[in-house]
Amino acid sequence: MTGPETVATYHRMVTIREFENHAAQLRSRGTIICSLHLCNGQEAIAVGARAALGPADTVNATYRGHHWAIACGTPIEALFGEFMGRETGINGGRGGAGFFADPDHGFLGESGIVGGGVPIGVGAALASRYDGSGRVALTAFGDGALNQGAVHEAMTFAAIYRLPVVFVCENNGYAEYTPTGSMSPAGALERRAEVYGFPGVAVDGTDPRLVHAAVAEAVARAREGGGPTLVVAGARRLGGHHTHDPEHYRPDGEKAAWAAEFDPIPKLRGVILESGLADDAALAQLEGDARADVRAAALSAAAAPASDPAMLEQHVYA
Ligand SMILES: Cc1ncc(C[n+]2csc(CCOP(=O)(O)OP(=O)(O)O)c2C)c(N)n1
Ligand SMILES: [Mg+2]
């Protein structure tokens, strides 16, 4: 991922950032009616990782999962519609921003239960073993989720059966209001993989090229029958835990310092300019186009009819 596809990667990351920022605005205006956990700062993880998967492979993620869905190809208009409670939403407006799924694009869904998506990802890998399809399942979760019992059980099961799963831990520096460093007495998070007997690697999650390389190796291992890998992608959560988080727990100046050092978007922009893959004018045009596309998608989503309350009991599985 060092050629012209880097510009396409940049476009996708900018689209995700524009999507999240516009969603935050629509939430404050009341056009979006559900709670929002934005991925700002983590765009490179999803875009880099998804590019390492094949077309039939699957992804599942957490409530902070919009970047994964967009990286998988979920149309942004259908995402806005979902967040606005519209009939045209990706799940008819019934899932909302933290609980939607788009299996048609290989996105098996989000989960609001911290760590709860990891056994689902392992289940997708087990299904692949049963149907012999060769599909790999990527399951993404947060640094806080690593301390959940369900994740331990899922990793143990996947290790014993050498299932074709890639565990991607998005280490964004916080679990809600708790700094990651205060939750992991054993030190580096990727070391947890040792006890399950599969490889664990840390990667700079602000560089999609490095994420791509690490996940590609893990996908190849999974596909060849070598079992799981834990990839810990380090990044920073550049915003609050959710859009209504006052962030009073953050040390003064941390947010600005993190944005200056760890924002993946200006970093990749710099790489593209330096390597001559595109010039400033071309990137400005791309950024303007991404913004216009996001706004047009939101307007179109808002014009769609609201979900019909009479259909409430449809799409419910128990
Ligand atoms: C089982 C469970 N426990 C607690 C919560 C409340 N909660 C929501 S998000 C969160 C923090 C998770 O942190 P992390 O896994 O690092 O993910 P991030 O929010 O940083 O993406 C907690 C504790 C929950 N949703 N589910
Ligand atoms: Mg976290």
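Helices α1 and α10 run roughly antiparallel to each other. The model is a predicted one, and the exercises below walk through it step by step.

**Exercise 1. The α1–α10 pair**

Work out how α1 and α10 pack, which residues make the contact, and how those residues divide by class.

Solution. 
- Step 1. Start with the geometry: α1 covers residues 5–29 and α10 covers residues 264–275, and the two pack at an angle of about 155° with their axes 10 Å apart.
- Step 2. Angles over 145 degrees count as roughly antiparallel, so α1 and α10 belong in that class.
- Step 3. Now look at the handedness: α1 and α10 cross in a left-handed way.
- Step 4. Next, find the residues. On the α1 side, the contact is formed by Thr6, Val7, Tyr10, Met13, Val14 and Arg17; on the α10 side, by Pro264, Ile265, Leu268, Arg269 and Ile272.
- Step 5. Sort the contact of α1 with α10 by class: eight residues are nonpolar, one is polar and two are charged.

**Exercise 2. The α1–α11 pair**

At what angle do the axes of α1 and α11 cross, and which residues meet there?

Solution. 
- Step 1. Helix α11 spans residues 280–302; its axis comes within 9 Å of the α1 axis, and the two cross at roughly 45°.
- Step 2. That angle makes α1 oblique to α11.
- Step 3. The crossing of α1 past α11 is right-handed.
- Step 4. From α1, the contact uses His11, Val14, Thr15, Glu18, Phe19, His22 and Leu26. From α11, the partners are Leu286, Glu287, Ala290, Arg291, Asp293, Val294, Arg295 and Ala298.
- Step 5. Counting by class, the contact of α1 with α11 holds seven nonpolar, three polar and five charged residues.

**Exercise 3. Helix α4 and what covers it**

Decide how many residues of α4 are buried, and name elements that cover them.

Solution. 
- Step 1. A residue counts as buried if 20 or more other C-beta atoms lie within 10 Å of its own. By that test, eight of the eight residues of α4 are buried, and the helix is mostly covered.
- Step 2. The buried residues are Ile76, Glu77, Ala78, Leu79, Phe80, Gly81, Glu82 and Phe83.
- Step 3. The cover over these α4 residues includes α1, α3 (66–72) and α11.
- Step 4. Take α11 in detail: the axes of α4 (residues 76–83) and α11 come within 8 Å and cross at roughly 50°.
- Step 5. The α4–α11 pair is therefore oblique, and its crossing is right-handed.
- Step 6. Ile76, Glu77, Phe80 and Gly81 of α4 meet Val294, Ala297, Ala298, Ser300 and Ala301 of α11. Six of the residues in this contact of α4 with α11 are nonpolar, two are polar and one is charged.
- Step 7. Finally, see what comes after the helix: α4 is followed by glycine 85, which has a positive phi near 70°.

**Exercise 4. Helix α2**

Find out how many of the eight residues of α2 are buried.

Solution. 
- Step 1. Go through residues 43–50: the buried ones are Glu43, Ala44, Ile45, Ala46, Val47, Gly48, Ala49 and Arg50.
- Step 2. That is eight of the eight residues, so α2 is largely enclosed by the rest of the structure.

**Exercise 5. Leucine 146**

Is leucine 146 buried or exposed, and which residues does leucine 146 touch?

Solution. 
- Step 1. Locate leucine 146 in the loop between β3 (137–142) and α6 (149–160).
- Step 2. Leucine 146 has 24 other C-beta atoms within 10 Å, so this residue is buried.
- Step 3. Leaving out residues up to four places away in sequence, leucine 146 touches Val151, Cys169, Leu189 and Arg192.
- Step 4. Compare sequence with space: leucine 146 and asparagine 171 are 25 residues apart along the chain, and their C-alpha atoms are 9.8 Å apart.

**Exercise 6. The shell of ligand 1**

How many residues surround ligand 1, and which are the closest?

Solution. 
- Step 1. Ligand 1 is surrounded by 15 residues, of which Val114, Gly142, Gly144, Ala145 and Ala175 are the closest.
- Step 2. The shell of ligand 1 divides into five nonpolar, six polar and four charged residues.

Note on methods. Residues are numbered from 1 along each chain as its sequence is written. Chains are lettered from A and ligands numbered from 1 in the order in which they are written. This is a predicted model: local features need pLDDT of at least 70, side-chain atom pairs count only at pLDDT 80 or more; totals for chains, interfaces and linings use all residues. Axes are lines fitted to C-alpha atoms, for helices over the stretch in contact, and angles run from 0 to 180 degrees between N-to-C directions. Helices (H or I, at least four residues) and strands (E, at least two) are DSSP runs, numbered from the N terminus. Angles under 35 degrees count as roughly parallel, over 145 as roughly antiparallel, 65 to 115 as roughly perpendicular and the rest as oblique. A crossing is left-handed if the near helix is turned anticlockwise from the far one by less than a right angle, and right-handed if clockwise. Two residues are in contact if their C-beta atoms, placed from the backbone, lie within 7 Å. Ala, Val, Leu, Ile, Met, Phe, Trp, Tyr, Cys and Pro count as nonpolar, Asp, Glu, Lys and Arg as charged, and the others, Gly among them, as polar. A residue is near a molecule or strand if its C-beta atom, placed from the backbone, lies within 6 Å of it. A residue is buried if 20 or more other C-beta atoms lie within 10 Å of its own, exposed if 12 or fewer, and partly exposed in between; C-beta atoms are placed from the backbone.
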